[in-house]
Amino acid sequence: MKEMTLKASIIAYVGTLVLILTAGSVVQYFFGIIGVAVTELMILGWSLAVLKASGVSFRTVFPFELPKLRQMFGALAIYFGAYMSAAAVSIATTTVFPSSAELEAAMISVITERGEITAFIAAAVLPSFCEELLHRGILLSGVRNYIHKRMTAKGRYNPVGERHVIVFILGAAFGLFHLDPIRFLPTAILGAGLSYIALRTGSLFMPVCLHFLNNAVSVVSAFMAQTARVQEDAAAVIAGIEYPVYAYIGMAAMYIGLALPALWVGSRLFAGSGERANRGRMLAVMTAALILVLGGGFAAAYGIYGAAHAAGLTGL
């Protein structure tokens, strides 16, 4: 049975970027959310064409077996940790690049322009399958096969080291794939988390489900933001408040504090039955998480309340 090569996986990835930048950008400009769906189908078609040309079977790069229950809980913990880490980076990005809020508003407008069903199909269902086939399927298979052969040939094979290298490369590729410098790090973190889950479960079942969940939450949030009409004047005033930097830092620290134990628990759930937990490491992780959550939460609350009080809104 043929294996996916690094060359073929790079062709699939680079070809997809070219499609997005050319035909994809055109259809999205003229047709909005429908154009997003068409772009996802382009990604799917190109990926299948590369598979056909390389002679690699679909099941080889897209295993879809149901993981064990312990692995499913591990995947959920890893995803939550990655999501919180990405949220922390997004907060920092918003602080440094205030224009990112305008880009988010533009994305909400595109997502909500054709109704809920169209949005869910174009922004949640299709990406969770088409993008996972490309990233955690073709690209991961090609990179993993190449790195495994290189490390084995040099007599330095290390499964943990191999996994870390693959996760880093796939995360960076997923961040670059979205073609948005402001969202690069958050999406790279999520991509790394999904890649880790794919490697540990040996299946794309959980990455596909979690990718769908992540995008579905974004779609629901977009429609909630679009339809919110309660207390518009107060909301406009609150949105105009300038919060101190330490409030944002506190919020980011709090999210990191929530991410640390989730990532540790997830890694332990994926560990073999014979691997004993390092109590010192566990204590360090939990202590750091507690300090970050309490300290960050206090800084965020104090900064937000102080800014609201200065604006005369503490009575709201």
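A salt bridge here is a side-chain nitrogen of Lys or Arg within 4 Å of a carboxyl oxygen of Asp or Glu. By that rule, Glu132 pairs with Arg136, and their closest N and O atoms are 2.7 Å apart.

Before I go on, the ground rules. This is a predicted model, in which local features need pLDDT of at least 70 and side-chain atom pairs count only at pLDDT 80 or more, while totals for chains, interfaces and linings use all residues. Residues are numbered from 1 along each chain as its sequence is written, and side-chain values use heavy atoms, with hydrogens and water left out.

Glu132 and Arg136 sit four residues apart in helix α6 (residues 116-153), so about one helical turn separates them. Helices are DSSP runs of H or I with at least four residues, strands are runs of E with at least two, and both are numbered from the N terminus.

Is this pair buried or exposed? Buried means under 20% relative accessible area, exposed means over 50%, and partly exposed lies in between, using a 1.4 Å probe and protein chains only. Glu132 is buried, because its relative accessibility is 0%. Arg136, at 2%, is buried as well.

The second salt bridge joins the side chains of Arg183 and Asp180, at 3.3 Å from N to O. Arg183 has a relative accessible area of 29%, so it counts as partly exposed. Asp180 is at 16% and therefore buried.

In the third, the side chains of Glu65 and Arg59 meet at 3.9 Å, N to O. Glu65 is partly exposed because its relative accessibility is 42%, and Arg59 is exposed because its value is 68%.

Next, the interior. A nonpolar core is a set of buried Ala, Val, Leu, Ile, Met, Phe, Trp, Tyr and Cys residues joined through side-chain atoms within 4.5 Å. The largest one has 34 residues, and Met4, Leu51, Val61 and Phe177 have the most contacts inside it. Two or more of its residues come from each of α1, α2, α6 and α7 (159-177). Which element gives the most to this core? That is α6, with 11 residues.

Take Met4 as an example. Contact means heavy atoms within 4.5 Å. Leaving aside residues up to four places away in sequence, Met4 touches a list that includes Leu51, Val61, Ile138 and Asn145. There is also a second, separate core of 15 residues, and Tyr79, Leu194, Tyr196 and Met206 are among them.

With a relative accessible area of 19%, Gln71 is buried. Beyond residues up to four places away in sequence, Gln71 touches Arg200, Thr201 and Phe270.

Last, the surface. Val26, Tyr29, Phe30, Phe31, Ile34 and Val38 make up a nonpolar patch with about 630 Å² of accessible area together. Patches are made of residues with over 30% relative accessible area and no salt bridge; like charges are joined within 9 Å, and nonpolar side chains (Val, Leu, Ile, Met, Phe, Trp, Tyr) within 5 Å. Accessible areas come from the Shrake-Rupley method with a 1.4 Å probe, and for residues only the protein chains shown count as cover.

Helices α1 (6-31) and α2 (33-54) each give two or more residues to the nonpolar patch, and α1 gives the most, with four. Val26, for instance, is in helix α1 and is partly exposed at 44%.
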